[in-house]
Amino acid sequence: MPHSITTARLLLRPVTLRDAPGYWRTFHHPDVVRMTGSWVYPFSVEEVRRRFSAAARSADGHWYMVLEGGEAAGSVKFFNATPDGAELGYSICPSRTGRGLASEAARAFCAMGFRQFRYKTIRAGAFADNPASIHILEKLGFRPIADAEPVWSRDRRAFAMLMPFAMTREDYRP
């Protein structure tokens, strides 16, 4: 993976364990956690460190922090990677929503996936009750690939409807 990616407004770089307190302050919010499948609110800085440490050892690659003016604005990552593709995940700090930062970060990450990793397909999912995330995926060129299906949400402690999306290298619009 590259050492960093620079966009018009953002610097994306691998997280380090030193980023854990800042990540916790930025994302320790029930509305953010609710839209993830694997986090549970509340979580601790130690949980963030554990996940960052595991991500650094993972074959799927590293998490990237999105930085704006030196402050944590969001995160973006690939996971469940195979030689043909990976799944895209992203989140944005509640105080920075509505400014296009998540779209900008996700677009840069997709470019890296298609150009550097030569993925054929990038997949993503969004809960049906998260219209902002669905809008981001559609704006980037992702298309629904199946009907929404129930998946377990750890934070909700219930099944929630997840809409699966995918974008092929041919569909990608830089």
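**Ring contacts and an enclosed strand in a predicted model**

Me: In this predicted model, which residue lies over the face of W39?
Reply: The distance from the ring centre of W39 is 3.9 Å. A charge counts as over a ring if NZ of Lys or CZ of Arg is within 6 Å of the centre and within 35 degrees of the normal. The residue over W39 is R51.

Me: Which residue lies over the face of F127?
Reply: Here the distance from the ring centre is 4.4 Å. The residue over F127 is R156.

Me: Which residues do ring pairs link into a cluster with W39?
Reply: The whole structure holds 10 aromatic pairs. Some of the pairs build a cluster that includes W39.

Me: What is the geometry of the aromatic pair Y23 and F52?
Reply: The ring centres of Y23 and F52 are 5.3 Å apart. Their planes make an angle of 75°. Planes over 60 degrees apart count as edge-to-face. So the 75° pair of Y23 and F52 is edge-to-face.

Me: How many residues apart are Y23 and F52?
Reply: Y23 sits in helix α1 (residues 20-27). F52 sits in helix α3 (residues 45-57). The pair links distant parts of the chain, and the separation is 29 residues.

Me: Is Y23 buried or exposed?
Reply: The relative accessible area of Y23 is 4%. Buried means under 20%.

Me: Which parts of the chain does the pair F78 and F117 tie together?
Reply: F78 and F117 form an edge-to-face pair, 6.4 Å centre to centre with 70° between the planes. The two residues are 39 apart in sequence. F78 is buried at 2% relative accessibility, whereas F117 is partly exposed at 25%. The parts tied together are strand β4 (residues 71-79) and the loop between α4 and β6.

Me: Why is strand β3 largely enclosed by the rest of the structure?
Reply: Strand β3 covers residues 64-68. On one side Y64, V66 and E68 are buried, and on the other M65 and L67 are buried. β3 is largely enclosed because five of its five residues are buried.

Me: Which residue in β4 is the bridge partner of V66?
Reply: β3 pairs with strand β2 (residues 11-14) in the antiparallel sense over four bridges. There, L12 has V66 as its bridge partner. β3 also pairs with β4, antiparallel over five bridges. In β4, the partner of V66 is G74.

Me: Which residue takes a positive phi in the hairpin of β3 and β4?
Reply: Two residues lie between the strands of this hairpin. The phi in question is near 60°. The residue is G69.

How values were computed. Residues are numbered from 1 along each chain as its sequence is written. This is a predicted model: local features need pLDDT of at least 70, side-chain atom pairs count only at pLDDT 80 or more; totals for chains, interfaces and linings use all residues. Side-chain values use heavy atoms; hydrogens and water are left out. Rings of Phe, Tyr and Trp (its six-membered ring) pair if their centres lie within 6.5 Å; planes under 30 degrees apart count as stacked, over 60 as edge-to-face and the rest as tilted. Buried means under 20% relative accessible area, exposed over 50%, partly exposed in between (1.4 Å probe, protein chains only). Two strands pair if DSSP finds at least two bridges between them.
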